Structure formats: structure tokens, C-alpha cells
Amino acid sequence: MPSSEAPLREVDPEIADLIAHEETRQHDKLRLIPSENYAYPAVMEAAGSVLNNKYSEGYAGRRYYEGQEYVDGVEKLAIERLKTLFGAEHANVQPYSGSPANLAVYFAFCQPHDTVMGLSLDAGGHLTHGHKVSISGKYFDSVQYGVREDDHRIDFDQLAKLAKEHRPKVLFAGTTAYPRVVEFAKFAEIARDVGAILVADISHISGLVAGGVHPTPIGHAEVTTSTTHKTFRGPRGGMILCDKKHKKAIDRAVFPGLQGGPHNGTTAGIATAAKLATTDDFKAYAKAVVDNAKVLAEGLLSAGIDLVTGGTDNHLILCDLSSKDVPGKVAAQALDRAGIVCNYNSVPFDTRKPFDPSGIRLGTPAMTARGMGAGEMKKLAAWMAEVIGDVENEKRIATIAQDVKAMCDGFPAPGVPTH
Ligand SMILES: *Cc1c(COP(=O)(O)O)cnc(C)c1O
């Protein structure tokens with residue numbers, strides 16, 4: 001046994017090997033899962049720092065442990081930068097991730113069995129927006145709205161009707177599989193009419209909002225939650241932005257209501273990501289994410305693949321393979337063998353089961369982080385159409401995997417060592 005202070009490779013070669021393989025995978029494959037990205041190298045450095053070693057229950061200036069002279073500075077910077085970046089009156093950067101951020105919001109405003117509303121999972125919502133298997137659907141009286149049958153856009157008529165009837169305490173506006181702009185102003189009007197607190201969950205799109213390519217919820221939603229590791233390219237974490245009047249309730253709900261000590265390394269990574277998000281480079285990145293998604297969507301459409309809502313406004317594309325006679329899972333697995341990594345996903349009004357649905361979900365944040373552009377998107381669309389058209393042609397799939405690898409070699413993945 002090497003010294004316990006030796007580097008990872010010596011102390012634990014099994015884990016070091018698995019991480020090295022994951023590094024190679026993240027380099028060699030086209031990663032199209034829309035919630036994933038490449039965090040900035042500086043963010044990874046901050047998140048993996050000695051801040052991991054510090055306990056800091058409480059908030060800056062009001063901690064339950066001594067020795068906070070530097071950690072307080074880190075948390076204050078993260079908060080101030082997010083407030084400036086998003087134009088928010090208050091920010092809480094302690095939620096461990098997106099789901100705990102949402103749970104803290106419920107805890108801040110709701111009693112058990114209060115009514116809450118969110119977009120249903122099969123229409124593109126998130127589990128934490130009141131799905132029946134989630135604590136948000138079990139501990140609260142959850143009412144779910146959906147999308148329209150004809151164009152698969154959010155059904156504001158149904159939403160307004162349900163809101164009037166059920167008068168929710170909180171109304172969630174946010175999506176995980178919705179390729180269109182979320183119209184926060186329309187949500188705000190409905191929430192105002194029924195006295196609900198509007199919560200915008202921008203987990204997927206916070207980088208697009210920060211980069212100015214998706215409308216902001218700030219000014220419409222009293223509370224905004226987000227992950228920090230999706231389009232935002234920060235560390236794995238969560239944040240809550242809110243109006244001043246909700247500061248106390250939100251801060252108390254996060255700590256001591258829901259969590260213990262904040263993950264200070266993560267907080268530092270959020271601060272660094274918020275700084276990077278103010279740059280022209282980041283604005284160009286956010287725009288390229290959306291431009292790339294449009295090119296990929298056009299390529300897929302012209303290759304005969306149906307898209308939910310017929311296209312995209314954001315980073316995400318939902319393919320409906322019903323007309324192809326290929327289940328989403330079979331297509332996703334064949335694509336993975338070709339080096340194209342996505343996930344199978346329900347489409348609105350899916351006739352198949354959630355674990356074996358009709359669609360696949362794609363996103364451009366990670367590919368765009370590598371600097372790939374329109375040319376690469378066109379090639380990708382053609383490869384995808386080929387694989388989906390013939391999921392058992394292992395010979396062709398193997399040659400596409402080689403072409404994918406060659407393309408990846410031309411675009412080093414940020415922060416990913418090569419072996
Ligand atoms: C990803 C996501 C979450 C959950 O985030 P985790 O970090 O996975 O807990 C919550 N809401 C939405 C809309 C999301 O897309």
C-alpha cells in the first residue's frame with residue numbers, strides 16, 4: 001500500500017483508471033445529452049480546491065463555526081456576481097443541486113398538502129415540479145398542466161383554467177425537454193390572477209439566459225431556481241434567485257431548513273462561472289449553442305426525422321421516432337455505438353411507456369463548448385439519420401464511430417485530459 005497521501009493513481013488505481021476511461025469517453029464521443037456540458041477548467045480547479053475541507057453552516061457574517069474569513073469572501077462574491085449577472089435582488093448559492101433548490105422553494109412557501117402546479121413530466125417538465133413519484137407530488141397536492149395536442153406548445157388556456165380552479169400556492173415554469181422559448185410573462189399573468197408565487201426553474205437554460213439568447217424570468221418570476229452545471233458550465237450545484245421580499249424565507253428554507261454545511265468548493269466554482277458568463281466569449285458561446293441546434297434540427301428534418309414542435313428555439317431538440325418504427329431506446333443505443341451519446345425520452349402524448357418511449361432528446365451545449373459549428377452539425381445530422389434508418393447495420397455504425405472519433409480529435413474537449 002502506498003502512503004495514504006500519495007496521488008490518486010497510486011492510492012486507488014481502480015478509480016484512477018475509471019476516471020481516465022471517462023476522460024477518453026468525454027473526448028472521443030459526441031455528447032448530445034442536453035443537460036450535460038464541459039465545465040470550464042478554472043471552475044473545476046475552484047470546485048476541487050481545499051474549500052472542500054471547510055465547514056460553514058450559516059451565511060456570511062452569521063456562521064456557526066470560526067475560520068470563515070476566506071469562505072465568507074467566496075460566498076459573497078458568488079452572490080454578488082449572480083445578482084449582477086441576472087439582475088436579481090437576492091441570490092442563494094448553497095443548494096446542493098437543482099432538485100434540492102426546488103425542494104427548498106416548496107419548504108419556504110408551502111405546508112404539506114398545499115396545492116402546487118407544474119408542467120407534467122411527459123410534456124417536458126421535471127420530476128420536482130409535482131410528479132407523483134417525487135416528494136413534490138407526494139407531500140403536496142400536485143396539479144399538472146401540459147402542452148397542446150396540435151402544436152405541442154405549453155397550453156396556457158388549460159394552465160389558466162386549472163390555476164383558477166385549484167389556486168396553487170406555487171406555480172413552476174420550467175422544462176427539461178421543451179425545445180421552445182418559455183414565455184415567463186404569460187406565466188406571471190396567470191400566477192398574479194390566482195395569487196400564486198411564480199417559480200421559474202431555468203436549470204437547462206440559465207447559460208442561455210445569462211448569455212442573452214433566451215428571455216429572462218427576472219421581473220416576471222418572484223423566485224428563480226437553477227442548476228449551475230448545465231448550459232451555465234459551472235460546478236454541479238444549485239442556486240435560487242429571488243425578490244428581496246423572499247430573501248429571508250428562501251435563506252431559512254435552505255439552511256437550517258433543508259441542508260447543513262454548504263459545499264464551499266462548489267460555491268467558488270459558481271463564482272468563477274458567474275464571472276466567465278459576463279464575457280463576450282460566453283455570449284458568443286450561448287449564441288452558438290442555439291445556432292448549432294437550429295442547424296442540427298434542419299439537418300434532421302431534411303433527412304426525414306420528425307421533431308416535436310417542428311424545430312427548436314433553444315439548445316434542445318426532441319426527435320419523435322414514431323413514424324420510423326424504431327423505439328427511442330433502440331435508437332439511442334445504436335447511436336451510442338456510433339459514438340453519438342443522447343438519451344431516449346417520451347414525446348408529448350406518447351403511446352409508448354416512459355421506460356421505452358418514442359423519442360430521443362438531443363442538445364448542443366457540449367459540442368458547442370468544443371468549438372464545433374454548422375459544418376459539424378450537418379455531418380452529425382446525416383450520421384444520425386443513417387444510424388436511425390438502419391439500427392442493426394453494425395458495419396456502418398462502426399465506420400461512423402471512426403468518423404465521429406476523427407471529428408472529435410479536431411476539437412479538444414475543454415478541461416478533459418487526453419490519454
Ligand atoms: C436538471 C433539472 C433539475 C434537477 O437538477 P439536479 O441537479 O439533477 O438535481 C431541476 N429542474 C429542471 C428543470 C432541470 O432541468
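**Close-up 1. The residue D72 within helix α4 of the predicted model.** In this predicted model, D72 belongs to helix α4, the helix that is made up of residues 71–86. The relative accessible area of D72 is 14%, and because buried means under 20% relative accessible area, D72 is counted as buried. When the neighbours within four places in sequence are set aside, the residues in contact with D72 are A60, G61 and R63.

**Close-up 2. The shell of residues around the ligand.** The ligand is surrounded by 13 residues, and the closest of them are S97, S99, D201, H204 and K230. Sorted by kind, the shell around the ligand holds 11 polar and 2 charged residues, with no nonpolar residue among them. Helix α5, which covers residues 98–109, gives the most to this shell, contributing 3 residues.

**Close-up 3. Individual atom pairs between the protein and the ligand.** At D201, an N or O atom in the side chain is 2.6 Å from a nitrogen atom of the ligand. Taken on its own, the ligand has 380 Å² of accessible area, of which the protein covers 86%.

Terms used
Residues numbered from 1 in each chain as written. Predicted model: local features only at pLDDT ≥ 70, side-chain atom pairs only at ≥ 80, totals over all residues. Heavy atoms only, no water. Helix = DSSP H or I, 4+ residues; strand = E, 2+ residues; numbered from the N terminus. Buried < 20%, exposed > 50% of the residue type's maximum accessible area, 1.4 Å probe, protein only. Contact = heavy atoms within 4.5 Å. Near = heavy atom within 4 Å. Polar contact = N/O pair within 3.5 Å; in protein donor to acceptor, adjacent residues only side chain to side chain. Areas by Shrake-Rupley, 256 points an atom, 1.4 Å probe, with all protein chains shown as cover. Nonpolar A, V, L, I, M, F, W, Y, C, P; charged D, E, K, R; others polar.
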